[in-house]
Amino acid sequence: MKKSFVFVLILAIVEMAMAGVLSGKLIVLDPGHGGIDDGAIGPTGLKEKTINLELALSLCKILQTQGASVLLTRRTDETVSLSARIALANEKHAALFVCIHHNSIQNAPEVDRPQVYYWSATDTSKRAARFILDSLERFFTVKGNLLRNDFKVLKLAEVPAVLVEMSFISSPKREKWLRDPFNIWREALALDDGILRYFDHLK
Ligand SMILES: [Zn+2]
């Protein structure tokens with residue numbers, strides 16, 4: 001990606017954040033897996049649960065700086081049930097519930113793209129998913145998928161909810177890329193951009 005293009009993207013983020021788009025918004029971030037559940041594992045052993053947590057913690061810092069209140073379903077490598085994750089989002093009436101994952105596919109090392117899932121019959125979750133996917137596609141100049149799926153975390157959420165598969169940890173190239181903490185910040189910024197755009201359009 002061209003440096004000037006990155007600069008334009010970051011300026012847009014700053015502009016929306018300064019406009020107070022996120023002030024008073026409670027966002028629940030859910031780093032997938034953790035504890036006894038590793039999630040997917042990359043070709044050389046990088047665990048999805050680790051990357052999901054790093055990404056959620058980075059995104060949390062960015063969102064808080066921009067005025068949002070943020071809760072995480074886990075802040076360490078611990079086992080958290082799906083129902084506990086959903087309960088946090090529902091009980092706190094989150095303005096947005098974002099489940100963070102990295103995908104994996106067997107015997108297809110070349111597959112690597114973002115996928116954003118929604119379920120809700122109302123179109124709020126779908127719109128959030130669309131904004132987030134658009135941002136991921138723009139940041140990483142890649143075509144992704146917007147998908148409807150009845151994942152338990154989405155189906156039982158009573159608030160706008162999306163599940164984001166950021167990229168495929170099963171791709172050797174991507175796994176190497178994810179080992180660089182700077183790239184986790186890149187993923188966090190891309191997610192932040194989508195979240196800002198979603199709340200900006202609700203104004
Ligand atoms: Zn996962």
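Reader: Which residues touch the most other members of the largest nonpolar core?

Author: In this predicted model, the largest nonpolar core holds 56 residues. Those that touch the most other members are Ile27, Leu29, Val98, Ile132, Val162 and Val164.

Reader: Which residues does Ile27 touch, not counting residues up to four places away in sequence?

Author: Ile27 belongs to the core residues that touch the most other members. Its bridge partner in strand 2 is Val70, and Val70 is also among the residues that Ile27 touches. With residues up to four places away in sequence not counted, the list is Leu63, Ala68, Val70, Ala94, Ala95, Leu96, Val98 and Ile195.

Reader: How many residues of strand 1 are buried?

Author: Strand 1 covers residues 26-31. The strand is mostly covered, and of its six residues the number buried is five.

Reader: In what order do the six strands form the sheet?

Author: The sheet is open, and its pairing is mixed. Strand 2 (69-72) and strand 5 (145-148) each have a single partner strand, so they stand at the edges and one side of each is left without a neighbour in the sheet. Neighbouring strands are turned against each other by 25° on average, direction ignored. The order is 2-1-3-6-4-5.

Reader: How many bridges join strand 1 to strand 3?

Author: Strand 1 pairs with strand 2 in the parallel sense over four bridges, and Leu29 stands opposite Leu72 there. Strand 1 and strand 3 also run parallel, with Val98 of strand 3 as the bridge partner of Leu29. The number of bridges between strand 1 and strand 3 is five.

Reader: Is the pairing of strand 4 and strand 6 parallel or antiparallel?

Author: Strand 4 pairs with strand 5 in the parallel sense over four bridges, and Tyr118 stands opposite Arg148 of strand 5. In strand 6, Val164 is the bridge partner of Val116. Strand 4 and strand 6 pair over three bridges, and the sense is antiparallel.

Reader: Are the residues of strand 4 that point either way from the strand buried or exposed?

Author: Gln115 and Tyr117 point one way from strand 4, which spans residues 115-118. Val116 and Tyr118 point the other way, and all are buried.

Reader: Why do the buried residues of helix 3 line one face of the helix?

Author: The buried residues in helix 3 are Arg85, Ile86 and Ala89. On the other side of helix 3, Ser83, Ala84 and Glu91 are exposed. Seen down the helix axis, the buried residues line one face because they fall within an arc of 95°.

Reader: At what angle does helix 3 run to strand 1?

Author: Helix 3, residues 82-91, lies across strand 1, strand 2, strand 3 and strand 6. Its buried residues pack against strand 1, strand 3, helix 5 and strand 6. The angle between helix 3 and strand 1 is about 170°.

Reader: Which residue with positive phi follows helix 3?

Author: The phi of this residue is near 50°. The residue that follows helix 3 is His93.

Reader: With which residues is Phe151 in contact, leaving aside its neighbours within four places in sequence?

Author: Phe151 is located in the loop between strand 5 and helix 5. With 16 C-beta neighbours inside 10 Å, Phe151 counts as partly exposed. Leaving aside its neighbours within four places in sequence, the contacts of Phe151 are Tyr117, Trp119 and Leu163.

Notes: Residues are numbered from 1 along each chain as its sequence is written. This is a predicted model: local features need pLDDT of at least 70, side-chain atom pairs count only at pLDDT 80 or more; totals for chains, interfaces and linings use all residues. Two strands pair if DSSP finds at least two bridges between them. Helices (H or I, at least four residues) and strands (E, at least two) are DSSP runs, numbered from the N terminus. Axes are lines fitted to C-alpha atoms, for helices over the stretch in contact, and angles run from 0 to 180 degrees between N-to-C directions. Two residues are in contact if their C-beta atoms, placed from the backbone, lie within 7 Å. A nonpolar core is a set of buried Ala, Val, Leu, Ile, Met, Phe, Trp, Tyr and Cys residues joined through C-beta atoms within 7 Å. A residue is buried if 20 or more other C-beta atoms lie within 10 Å of its own, exposed if 12 or fewer, and partly exposed in between; C-beta atoms are placed from the backbone. The arc is that of the directions from the helix axis to the C-beta atoms.
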